[in-house]
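Me: Please take me through this model in short questions and answers. I want the numbers with their cut-offs.

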Amino acid sequence: MGYVSNTDKVIHKRPTDTSSIRTLVIDDEEFQRTVLENYLTKFGYRACTVSSAEEALDFCQSLTPDLILLDLNMPGVNGIEACKQLKAIDRLSSIPVIMLTGMKDSESIRQSFDAGASDFLVKPVNELVLKQRIEYAIYSSELQKRLNKKEQELTVAQKLARIGTIEIKHKYRSVVISSNCEDLLGFSTHTLHLSYDQYISHIHPDDVDHLIYTLNRAFDERHGYIVEYRFINNNDEYIVYQKGEYIETSDNNEDHSYLIGSLQDVTEDRHARENLDYSKYYDSLTDLTNRSFFEMQIQHIIQHPPTEALFAIIFIGLDNFTRVNDAAGHKGGDEVLRTVSNRLINYETEGHTVSRFGGDVFTMLIRNIHHIDECNTLLDQILQHIKQPIHIDNNDIYITASIGASVFPLESEDGNQLLIGAEAAMMLSREEGGDRYTYRTHHMNTETQKRLTLLKEMRSAIDNYEFSVFYQPQIDACSMQIVGMEALVRWIHPLKGIISPSDFIPLAEESGLISKLGDYVIRRACSQTRCWIEAGHSLIVGVNISAVQFESDDFVDYIMQIIDETGLPACNLEIEITESMAIKNPQQTIKKLQQLRALGVKTSMDDFGTGYSSLSQLQTLPLDTLKVDQAFVKNIRKIDTGEKIPEYENSAIANAIIVMSHNLGLKVIAEGVETTDQCRFLQQQKSEILQGFLFSKPLPAEELENLLDREKQQATNWSSILTKD
Ligand code: C2E
Ligand code: MG
Ligand code: MG
């Protein structure tokens, strides 16, 4: 509108452009209508006139005036009634109405205001006064509109932030909560007037004292306050964050001070924070505290060591827990862990701390030991306690534990050393058959110590990106072209250099770290291969899968997700499993391999011949490929017989495996091909694919890429090596 400045911030009292403002005169006297119309036109407004309330209502059906001049005394529907009727129409409710009255009696003026009029003028109307009153009425109406808009915006904002206002009056001991408190605290009214006692009755009993103390202090010391408490309404509990200012006012020397401020429903936020804190320090399976919490406790006790007692850190590992998982399934395994944790938690009543460190390992901080015998008795008790049968699904499961202990300050005064010592001692108990406890001593086996250090380093190595995936090319035995590669993980240790997987994979499997590591390898291998395929190479990537990964219930879904996320076509991925994994649970293995093949993923049996699977078992497995272990390749040598067709020694097993695989319709990959003799023998036996140092060592991705780029040249080179002698 013209009278609102362009900056949309300042409202001029005086409309600058009045031509768009539509005014309506309602008067039964024609003379009055004409006079007023002339004035209005002179002021620059658009003026319309009607002679009765009925006509006015008619007019307003199609047009909305910005201001109405209304005669109070009209026959039929008088001005006051007309004003009420007009104001009852939603669209017109905020339009300023100036009542024109012939008399100066205060009763009619009051009635006019009650009916919704915003001003009145006594007839005959003075031109100048009329002009000013109209300007003012329009200005006020515009201001009101803007305030309404701001209030609406504020209400929306408050609603989103779940904020309301709260006013607490000291003298009247009353509380007013307003602005969407119906959404906020579950009340049905927009504004809530409560007596102070009513307000307090909604507060959680445990929070009442604190709230009263805070509010009293704010009044006594005349300053603001912040308080958080639980508000209860209709059995629902809200967590309220309240912040207020002290306002001092007095009237006739009477104290009218009050506290005004905001109140916010922070229930969701606090619950989310609790959950966050909970998952940070608690184990979700057993509800015991977790490793982070336990380590914090150790740091704390080391900083404030007891003066008259010793304390011990103990590691409790369940013996052969994988067997429990195999026998009772993962759910049964979880149940066993929960039962053991329930048994251990009893020791907390004696002041000790119990945590689950991860997997099947629990830890305890045993306090208040005065003599090592006391500790021995306790450890014996724990062993006995764990040994009690665990009843699951009508079966009794028997489990034992290996305990390792290190005592402060006898063993060390350093928290980390105590933890490492207790873990090493637990491993020693395990190695000695389990169901026993061992104290960490200075003479502890160095091998155990080394493994522990490696385990510790491995934990941080994953987060420090010290692992890398190398690729060993696989060569088609006829064309000598690269047709695929095996992804092999490498640990690039910052001090020790490249560490071989055989040195850390078993430890990663034992400690459960393999899941995270394996996930990294398969994702990396799949995305990398997708890039090479997009660059025009035709390749299948073989990925070694650990038993821990393969045994998980959702393994097939997981692979599906990887394919989906990395964009590698399923047929370009080959999953390598080993015999021991396959024969552990043959039914499950068959099912999973079938499902994988249904997705298009290829399946392969790695290191064949080193496990204990039988031929008949191999027959039942849905496989695409069999990999002959390097043990059966490495000793193959040509015998100089002088005959045209060469003969090879130590080749019988490799020969048998290849023949058998072909009979079963499997493709053969021969591993560990190091010499031209071995290569020729394998070609002669029609092994389809060759892999070994003769062709290439496992290479970092960039180097394999170089090899792929000069593939034709490379194939010729490899062929020529074979034809040399
Ligand atoms: P594997 O799956 O049988 O892998 C083949 C191994 O043979 C690799 O050892 C490779 O470097 C080695 N090799 C290849 N050609 C020759 C050769 O001509 N001569 C000799 N002497 N060796 C050769 P690497 O990389 O040390 O891996 C050892 C094992 O570690 C692998 O055996 C596999 O079982 C495991 N592994 C490697 N990467 C992973 C992985 O990402 N996940 C899992 N779960 N296991 C892996
Ligand atoms: Mg392999
Ligand atoms: Mg192998």
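**Loops, metal ions and a helix pair**

Me: Where is the place of methionine 480?
Reply: Helices (H or I, at least four residues) and strands (E, at least two) are DSSP runs numbered from the N terminus. By that count, methionine 480 belongs to the loop between β21 and β22.

Me: What pLDDT do local features need?
Reply: Residues are numbered from 1 along each chain as its sequence is written, while chains are lettered from A and ligands numbered from 1 in the order in which they are written. Side-chain values use heavy atoms, without hydrogens or water, and in this predicted model side-chain atom pairs count only at pLDDT 80 or more, totals for chains, interfaces and linings use all residues, and local features need pLDDT of at least 70.

Me: Is methionine 480 buried or exposed?
Reply: Methionine 480 is not a glycine, yet its phi is positive, about 65°. Buried means under 20% relative accessible area, exposed over 50% and partly exposed in between (1.4 Å probe, protein chains only). At 2% relative accessibility, methionine 480 therefore counts as buried.

Me: What is the relative accessible area of tyrosine 465?
Reply: Tyrosine 465 has a positive phi of about 55° without being a glycine. Its place is the loop between α14 (446–463) and β21 (467–476). Tyrosine 465 is exposed, at 73%.

Me: Which residues are the protein donors of the magnesium ion (ligand 2)?
Reply: Donors are N, O and S atoms within 2.8 Å of the metal (3.2 Å for Na, K and Ca); water is not among the atoms, so sites may look incomplete. The spacing along the chain is E-x57-N-x31-E-x29-D for the magnesium ion (ligand 2). At 2.0 to 2.2 Å, the protein donors are Glu486 (OE), Asn544 (OD1), Glu576 (OE) and Asp606 (OD).

Me: Which residues does serine 661 contact, leaving aside its neighbours within four places in sequence?
Reply: Serine 661 is in helix α22 (residues 652–663). Its relative accessible area is 0%, so it is buried. Contact means heavy atoms within 4.5 Å. Beyond its sequence neighbours within four places, serine 661 touches Leu626, Leu666 and Val668.

Me: At what angle do helix α18 and helix α20 pack?
Reply: Axes are lines fitted to C-alpha atoms, for helices over the stretch in contact, and angles run from 0 to 180 degrees between N-to-C directions. Angles under 35 degrees count as roughly parallel, over 145 as roughly antiparallel, 65 to 115 as roughly perpendicular and the rest as oblique. α18 and α20 are therefore roughly parallel. With axes 10 Å apart, α18 (residues 555–566) and α20 (residues 586–599) pack at about 20°.
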